[in-house]
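Keep the sequence and the structure open while reading.

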Amino acid sequence: MKQITLLLILSSSLSVFSQNNVALMSDDSSRSIELREIQVISKERTDRQRMLHFYRANQSASLEDILSRLPELSLIRRGTYGMEPSIRSLSGGQINVLVDGMRIHGACTDKMDPATIYIEPVNLEQLQLQTGSQGFVYGSATGGTVNLITASPVCHPDQKLHGLISSGFQTAAKSLHEALQLNYNTGNWSFLGSATWRKSDTYRSGGGEKIAFSQYEKLNYSLAASYQLNQHTRIKADYIGDNGWNIGYPALPMDVGYAVARIGSLGIQHTAAGKRLYKWQAKLYANQVRHYMDDTHRPNVPIHMDMPGRSMTAGFTAEGAMRINRKQQLRLVADASTTRLTASMTMYEAGQPPMYMLTWPDNRKDQYGAGISWTCQADSNWLLQSALRLDYIHTGLTTQAAKDHISILGVTDAARNELLKNLSFTGTRKLNDRLKASASVAYAERMPTATELYGFYLFNAQDGYDYLGNPGLLPEQSLQGEISLQTNGKKARLKFTAFYNHIRHFISGSVNQSFSTMTIGANGVKNFSALPFANLAGLESSLLYKPIAAIDIVSTLRYTNGKDNTGDPLPMIAPLKNTSTVRYQFSHFFLQLETEAASAQTEISGKYGEDKTNGYLLLHARSGCQFLLAGKKTDLQLGVENIFDKSYHEHLDWGNIKRPGRNGYLMIRLNF
Amino acid sequence: MTVFVLCILAFLVSCTKDKTEPNPTEGLTKLSEGYAIGAAAKVEVYTKETSLITGYTKFYIALYDSVSGKRIDDAHIQLNPMMDMGMMQHSAPFENPASTEAVNHLFPCSVTFIMSSMGGTWTLDIDVHNHVNDKEGSITLPLTIAEPTASRQKSFTAVHNGAKYFISLISPTASTSKVGINDMEIAIYKKASMMSWPADSSLSVVLTPEMPTMGHGSPNNVNPVHTGNGHYKGKVNFTMTGLWRLNLDFMSGTAVADTTQFFDVTF
């Protein structure tokens with residue numbers, strides 16, 4: 001890492017970039033998580049950055065492992081692979097999951113392919129998590145934004161070629177994880193290529209039970225090329241390819257035979273430290289995801305079926321940072337995108353023609369948005385912030401066949417045009433040298449998703465209902481507030497946040513007794529419909545404690561409570577959870593003990609078919625050392641997760657599928 | 001050059017104009033032809049299908065002057081279908097052309113074949129009163145009616161009055177069906193005697209489509225209601241392709257006439 005650190009420091013334009021990033025993002029509701037050491041040291045770190053940097057030290061961790069340790073984030077799990085991020089219990093269309101600011105729509109009607117699966121940790125440079133008052137600046141959303149910033153190639157005058165190679169093995173699923181990253185530069189050109197291959201068998205859960213259909217295999221590769229036009233400007237092209245196959249989803253009645261994503265972009269970045277508009281960037285992008293679900297490997301299915309889906313998105317983003325005066329700054333965002341979706345289902349019965357239907361009748365969404373975020377350091381004690389975003393969104397069906405499908409639901413015109421409005425205010429006050437308090441209020445809106453508007457008999461394996469879209473759904477409207485208190489001691493940093501989110505037109509499913517189910521064995525049919533309102537309230541706290549130089553303690557706690565308008569609990573709300581880690585570092589070795597504890601979840605949604613989830617306590621042990629192998633800096637890490645081989649599942653795990661049991665891992669990484 | 005192009009355009013336009021109007025029998029199959037002796041008329045019988053099956057069958061009759069070959073657009077046509085089963089004969093439900101004026105040079109009419117030619121011999125008498133020359137004559141055509149795999153013609157003895165009813169599925173057909181809303185049309189005839197099969201308007205119909213393979217139905221169907229001449233029109237919704245069974249319950253007021261009938265449609 002030191003080498004990379006050095007390289008980045010030498011690359012002047014880049015370090016300016018990263019500093020600006022931090023400057024822009026380092027407010028309380030917008031947490032930028034720098035994963036490369038250079039960017040972390042380039043500016044005073046936020047607690048979130050420190051935390052992520054800390055968890056990031058575990059090199060066997062997947063992106064999902066890292067995400068799940070943030071107090072604001074939970075993961076909805078349908079399989080080993082492709083867990084869906086949820087920010088403060090909001091997910092799917094309620095949040096933005098972006099890759100380098102690009103919108104990528106999953107091609108799976110069952111949400112098996114959140115955009116997070118396309119980024120491997122080796123290829124991730126920075127993770128931006130924005131909640132509350134800043135959560136909508138990159139796209140109208142009631143829950144917030146996760147933006148995954150991929151690694152950029154770096155220029156290095158002395159070393160033309162450098163990179164890393166890593167290999168890992170995990171015992172629970174007999175899984176292999178191989179990664180290679182190469183950085184090459186010549187003149188004004190620099191290139192970064194990476195490839196990651198993962199192969200995982202079915203895993204064993206705590207107690208030794210094999211979890212059928214939990215296997216997967218995937219290959220992810222990326223290439224970035226950057227050309228330094230002049231001292232201030234560079235042009236960058238990125239390409240990410242991701243191929244997954246034989247991906248099992250134990251909680252769903254189907255698996256994924258093959259999933260492929262192609263993500264490309266071409267952008268320009270400009271910095272001018274002295275200028276009023278001191279940084280701007282613009283990008284054109286396009287991506288396509290194809291996803292093939294089938295149940296050909298499942299035994300005892302009443303009828304075999306294929307469910308292919310495809311999404312295509314093209315768009316434009318532009319962003320600029322502007323200094324008004326010494327006290328005030330502006331961040332300006334403008335973007336437009338168009339997404340086309342189609343998914344179908346074909347069922348096969350011997351001696352009969354195939355049964356075919358569109359599950360996502362061909363549809364498109366066109367979005368044009370602009371956001372502005374204002375920061376004012378009013379005096380040495382007061383920091384004021386405000387953000388505004390407007391989005392104009394058009395959605396509609398694109399083919400006659402799609403219109404014919406939706407006409408069955410009694411809808412003659414399924415097209416929608418909406419203007420979404422988002423606004424927030426934040427005030428942060430330094431109470432004394434060690435104590436800082438912050439409060440924010442925000443109003444945000446989000447568009448119903450294609451599934452919610454146009455879904456056609458989409459089976460939800462969690463509650464066992466077929467869902468029908470409702471093209472008349474209103475946008476969800478959220479009124480939210482957040483207060484936080486932060487102490488920065490010499491040895492300890494403690495942060496405490498409380499939030500409240502009142503959502504009007506909360507989109508949910510209501511049982512339609514008069515419709516017959518399409519899926520064999522389904523409990524019934526639900527129409528997407530809006531509850532008058534729902535409320536979410538929660539607490540998050542984090543502690544970073546360094547009693548002596550060699551010891552780090554990181555602990556996070558979170559709790560969310562969600563209620564619908566009748567006072568019943570909302571579904572998919574994680575219970576009280578604590579993650580605590582103590583790390584002892586001596587010389588080039590470290591030892592780490594980690595506990596994960598969750599209380600039982602008894603606040604469950606009967607309407608959504610939820611059941612109670614037991615609490616659990618897990619213990620993980622990790623160790624690692626750094627040494628020189630043939631003159632190359634090498635990391636070796638090994639550890640055991642779930643030492644007690646606890647048989648458990650989390651509340652957000654669909655189908656109560658047990659999580660992996662005791663898992664030993666070994667990871668070696670060679671930097672050259 | 002411009003003049004040349006204009007000339008060509010003019011030629012093309014004039015060609016288009018000169019072209020006779022579209023052939024009225026375009027897309028139809030000529031089933032049979034002959035002369036209505038006495039009416040001095042040549043009779044051509046067309047259908048939409050290439051072969052005849054049991055059920056409601058639409059015919060399109062074209063008449064020509066047997067000498068000049070000119071179309072006859074004003075005539076009174078009377079149908080008389082007959083099934084000869086050897087031991088006995090019976091007629092079948094039919095619809096004469098609604099008017100003596102031809103529609104687009106054709107006289108649309110229908111016969112509902114209640115059984116196939118397996119049981120005997122079908123003939124169709126067409127009596128023509130040629131209004132052009134005020135002469136009358138007739139022609140008898142032998143017809144071969146096949147029984148399709150999925151029947152479009154059913155009958156039942158009503159529970160409430162013991163009468164025999166014949167029901168025909170007119171639409172949807174395999175070729176017109178789509179995923180979405182489909183027009184549904186059936187015709188109901190009552191057997192009054194071996195020679196009298198009047199249209200019935202007394203029954204009400206409850207439509208329940210289902211996919212027997214999957215065991216599910218579809219939402220928002222519209223029960224067929226009587227629109228005239230024994231025809232009942234409604235809407236049937238197909239949520240996917242494949243084999244659909246259209247279950248039909250027949251009621252006479254609140255009394256149940258029959259609840260056992262269905263038509264299968266596969267597309």
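The model is predicted, not experimental.

**The contact between the chains**

Chain A and chain B touch through 21 residues of chain A and 19 residues of chain B. On the side of chain A that touches chain B, strand S18 (355-377) and helix H6 (400-407) of chain A each supply at least two residues. The most comes from H6(A), which gives four residues to this side. By type, the residues on this side of chain A are 12 nonpolar, seven polar and two charged.

**Helix H6 of chain A**

Which residues of H6(A) are buried? They are Ala402(A), His405(A) and Ile406(A). These residues lie on the same side of H6(A), because they cover an arc of only 90 degrees around the axis. The cover over the buried residues of H6(A) includes S18, strand S19 (382-397) and helix H7 (450-454) of chain A. Chain B takes part in this cover too, with strand S13 (180-190).

**Two domains in chain B**

Chain B has a domain 1 (29-143) and a domain 2 (153-266). Between the C-alpha centres of these two domains of chain B the distance is 27 Å. Their contact involves 10 residues of domain 1 of chain B and 12 residues of domain 2 of chain B. On the side of domain 1 of chain B that touches domain 2 of chain B, four residues are nonpolar, five are polar and one is charged.

**Sheets and strand pairs**

Strands of a sheet are held in pairs by backbone hydrogen bonds, in a parallel or an antiparallel way. In chain B, four strands make an open sheet in the order S15-S14-S18-S19, and the pairing is antiparallel. Strand S15 (216-217) and strand S19 (255-266) of chain B each have a single partner strand, so they stand at the edges and one side of each has no neighbour in the sheet.

In chain A, an open sheet of three strands has the order S2-S3-S4 with antiparallel pairing. Here strand S2 (73-76) and strand S4 (90-91) of chain A are the edge strands, and each pairs on one side only.

| Strand pair | Bridges | A residue and its partner |
|---|---|---|
| S3(A) and S4(A) | two bridges | Ile87(A) with Leu90(A) |
| S5(B) and S6(B) | two bridges | Asp84(B) with Gln89(B) |

S5(B) and S6(B) also form a hairpin with four residues between the strands. In this hairpin, Gly86(B) takes a positive phi near 85 degrees.

**A loop residue of chain B**

Val67(B) sits in the loop between strand S3 (55-65) and strand S4 (71-72) of chain B. Is Val67(B) buried or exposed? Val67(B) counts as exposed, because it has 10 C-beta neighbours inside 10 Å, and the cut-off for exposed is 12 or fewer. How many residues separate Val67(B) and Ala41(B) in sequence? The two are 26 residues apart in sequence, and their C-alpha atoms are 8.2 Å apart in space.

Technical notes. Residues are numbered from 1 along each chain as its sequence is written. Chains are lettered from A and ligands numbered from 1 in the order in which they are written. This is a predicted model: local features need pLDDT of at least 70, side-chain atom pairs count only at pLDDT 80 or more; totals for chains, interfaces and linings use all residues. Two residues are in contact if their C-beta atoms, placed from the backbone, lie within 7 Å. Ala, Val, Leu, Ile, Met, Phe, Trp, Tyr, Cys and Pro count as nonpolar, Asp, Glu, Lys and Arg as charged, and the others, Gly among them, as polar. A residue is buried if 20 or more other C-beta atoms lie within 10 Å of its own, exposed if 12 or fewer, and partly exposed in between; C-beta atoms are placed from the backbone. The arc is that of the directions from the helix axis to the C-beta atoms. Domain bounds come from an automatic or database domain assignment. Two strands pair if DSSP finds at least two bridges between them.
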